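Here is a short tour for anyone who likes to think in contacts and distances. Have a look at the model below, and then let us walk through it together.

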Amino acid sequence: MSNDFDANRQDVERLLQRFRDGTLPHFINGQHDAGRSGKTFESLAPSDNSVIGSVAAGNADDIDFACKAAEAAFEDWKNMPGKERKKLLHKVADAITARARDIALVESYDSGQAIRFMSKAAIRGAANFRFFGDMAPGARDGQSLPAEDHVNYTVRQPIGPVGVITPWNTPFMLSTWKIAPALAAGCTVVHKPAEWSPYSAMMLSEIAHEAGLPDGVLNCVQGLGEDAGKTLTEHPAIKAVAFVGETTTGSHIMRQGANTLKRVHFELGGKNPVIVFEDADLDRALDAVVFMIYSLNGERCTSSSRLLVQESIQDEFNAKLVERIGKLKVGNPLDPATEIGPLIHDRHFQKVCSYFDIATEDGAKVAAGGNAVPIDGKGNYVQPTLFTGASNSMRIAQQEIFGPVLTAIPFKDEADAISIANDIEYGLAGYVWTNDIGRGHRIARDLDAGMVWVNSENNRHLPAPFGGMKASGIGRDGGDYSFEFYMETKNICIAMGSHKVPQLGKG
Ligand code: NAD
C-alpha cells in the first residue's frame with residue numbers, strides 16, 4: 001500500500017469530518033442554509049457503501065428561496081462591467097487551483113472515480129473559470145449588419161437567472177463547464193447537483209463565495225431530481241435550464257419547463273462508436289480504445305462503448321485488447337495506482353452487472369471480465385469487461401451501460417462501418433482510426449454525431465463546440481456557443497433618415 005494512498009485516506013477523513021457530524025446544507029444567497037423541508041437523505045461511499053453523511057433534501061420552498069435570491073442578484077451582476085466579472089471569475093479559478101487536491105479527494109471518495117482522473121478534473125474546473133472569465137468582457141458583442149437605409153447591429157444580454165442540473169459522473173468539472181459560462185455571460189445561477197455526489201458542489205459554492213462572488217449570484221440546492229430538480233425546471237424566475245444527464249430525464253425536463261417556456265440545453269446519453277480500420281496505427285488505436293472506455297469507470301458520456309473493428313484485424317486486435325484489460329488495476333479510488341474505481345451507487349452497479357447476463361442471453365461472448373469484484377467483500381467494483389461476437393442489434397450494443405464495459409462488433413468495409421455506427425438512437429461522439437486521410441474525412445462527414453475525433457481520443461479544445469445530435473442532446477457548449485445559450489440576442493435597427501416612411505391617412 002503506497003504512502004500516498006494512506007495520506008489520501010487521512011486527508012479525505014479530515015475534509016469530510018464536518019459533513020459526517022451534521023447535515024450537508026444548501027448554499028443560498030451567500031450562506032449555508034439548512035433548508036425548509038426538514039428532510040434529509042444519506043450519501044454513500046461507493047468503495048464500501050458506508051454512509052458518508054446526511055444531506056438536506058431540498059423541496060419547492062428551498063428552490064423558491066434560491067430562485068428569488070438569484071433573481072434579486074441578477075440586475076447588479078448583469079450590469080457589472082465584463083472586465084470586473086472577469087476578475088472575479090479568475091479569483092474563483094485561483095481558489096479552485098489552491099483547493100484542487102481537496103476537491104479531487106472529496107470527489108474521488110464521493111463518486112468512486114479514481115484519484116488520478118479527479119486530480120485533473122479539478123484543475124480543468126479552474127481552467128473553465130479562467131477561459132470563460134477571459135470571454136466575459138466580450139460576451140455582449142454582436143454583429144454589424146448594414147442595409148441600404150438602415151444600420152442593423154446586434155447586442156447580447158444575459159437571459160436571466162438560470163438553473164444548472166448536473167449528474168454524478170464527473171460532478172465538479174461538469175458543473176463548472178455550465179456555471180462558468182453562465183456567470184461570465186452575466187446570468188445568476190441556481191445549481192442542483194446530483195444526489196449521489198453532493199459534496200464538491202458545496203465546495204464550489206463556498207470557494208466562489210470566499211473568492212468574492214456577490215451573494216445570490218451562485219446558489220446551490222441539494223436534493224432529489226423528482227423534487228428539487230423538478231421544481232427548479234418549473235420555477236418562473238428561471239429563464240433557462242442547462243442540464244447534463246440521462247436522455248429520459250431530458251424529456252421530463254422539457255415537459256416540466258413547457259408551461260414557463262424554458263430555454264433548454266441538454267447534454268444527454270451516448271453509445272459512441274470507435275471505428276478501427278485495418279490500415280490504422282493499431283498500437284495508438286489500442287491505447288485510445290482502452291482509455292476511452294475504461295477511464296472514469298466507463299461512466300463517461302463520450303466513452304467509446306461500441307468498438308467497431310474491421311473483420312480482417314478483429315482477432316488480432318481483440319486478443320491484444322483482452323491482454324491489456326487483464327492488466328487494468330481495479331481498486332480503491334483514493335489509491336493513486338487505481339485505474340478503475342467502484343461504480344457510483346449500488347443501483348447503478350446492479351444495472352451494469354445485469355448486462356453480463358444480457359450479453360450471453362443475446363448471444364455474445366464475454367471475452368474479458370464479466371464479474372463483480374468486491375474488495376474485502378464490499379463496494380461497487382466490477383471487472384473491466386469486453387463482449388465480442390456481438391451484433392449491433394443486441395442490447396449491449398444499443399443501450400448505454402455507463403460502466404467499464406465494451407462491446408466489440410466486426411465490420412466489413414467503410415459503408416458497413418458507417419451503417420453500424422449510425423444505427424443507434426444516440427449521436428454524441430464518434431472516433432475513427434485510419435491512416436487513409438480521405439477515409440478519415442469521409443467517415444467524419446457521414447457519422448451522425450455532434451463530435452468526431454480522427455486518430456485521437458477525447459481531446460477537448462475549450463472554444464470548440466461540445467454536444468450531441470439525436471437523443472444525445474440539444475445545443476452546444478464551448479466558447480461562444482455557450483453564450484448563445486445563456487444570452488439573448490437583440491437586433492437594433494437605426495435609420496439613416498433618408499428612407500421613405502409609409503404614409504397612411506393622407507388621402
Ligand atoms: P440523471 O438524468 O439521472 O440525473 C442527472 C441530474 O438530473 C441529477 O441532478 C438528478 O437529480 C436530476 N434529475 C433527475 N430527474 C429530474 C427531473 N425530473 N427534473 C429535474 N432534474 C432531475 O443522470 P445521471 O444518472 O446522474 O448521469 C448519467 C447520465 O448523464 C448518463 O446518461 C450520461 O451519458 C449523461 N451525461 C451526459 C453528458 C454529455 O455531455 N452528453 C456528460 C455527462 C453525463
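In this predicted model, the C-alpha centres of domain 1 and domain 2 lie 30 Å apart. The domain assignment of the protein chain places residues 3–268 + 472–491 in domain 1 and residues 273–454 in domain 2. Where the two meet, domain 1 brings 30 residues to the contact and domain 2 brings 32 residues.

**The interface between the domains**

The size of an interface is often given as the accessible area lost when the parts come together. Between domain 1 and domain 2, the buried area comes to about 2600 Å², and carbon and sulfur atoms give 61% of that.

On the side of domain 1 that touches domain 2, the elements giving two or more residues are helix H1 (3–21), helix H4 (100–111) and helix H5 (115–135). By class, that side of domain 1 has 13 nonpolar, 11 polar and six charged residues.

**Around the ligand**

Now to the ligand, which is surrounded by 29 residues. The closest are Lys-192, Glu-195, Thr-249, Leu-268 and Glu-400.

| Residue | Protein atom | Distance to a ligand oxygen atom |
|---|---|---|
| Gly-245 | polar backbone atom | 3.4 Å |
| Glu-246 | backbone N or O atom | 2.9 Å |
| Glu-267 | polar side-chain atom | 2.9 Å |

Besides the ligand oxygen atom at 2.9 Å from its side chain, Glu-267 has a salt bridge with Lys-178, in which the closest N and O atoms are 3.1 Å apart. This pair links distant parts of the chain: Lys-178 sits in helix H6 (residues 171–185) and Glu-267 in strand E12 (residues 263–267), 89 residues apart. Side chains of opposite charge can pair when their charged atoms come close. In total, the structure holds 29 salt bridges.

Technical notes
Residues are numbered from 1 along each chain as its sequence is written. This is a predicted model: local features need pLDDT of at least 70, side-chain atom pairs count only at pLDDT 80 or more; totals for chains, interfaces and linings use all residues. Side-chain values use heavy atoms; hydrogens and water are left out. Domain bounds come from an automatic or database domain assignment. Contact means heavy atoms within 4.5 Å. Buried area is the accessible area (1.4 Å probe) that two parts lose on being put together, summed over both. Helices (H or I, at least four residues) and strands (E, at least two) are DSSP runs, numbered from the N terminus. Ala, Val, Leu, Ile, Met, Phe, Trp, Tyr, Cys and Pro count as nonpolar, Asp, Glu, Lys and Arg as charged, and the others, Gly among them, as polar. A residue is near a molecule or strand if one of its heavy atoms lies within 4 Å of it. A polar contact is a pair of N or O atoms within 3.5 Å; within protein, one must be able to donate a hydrogen and the other to accept it, and residues adjacent in sequence count only if both atoms are side-chain atoms. A salt bridge is a side-chain nitrogen of Lys or Arg within 4 Å of a carboxyl oxygen of Asp or Glu.
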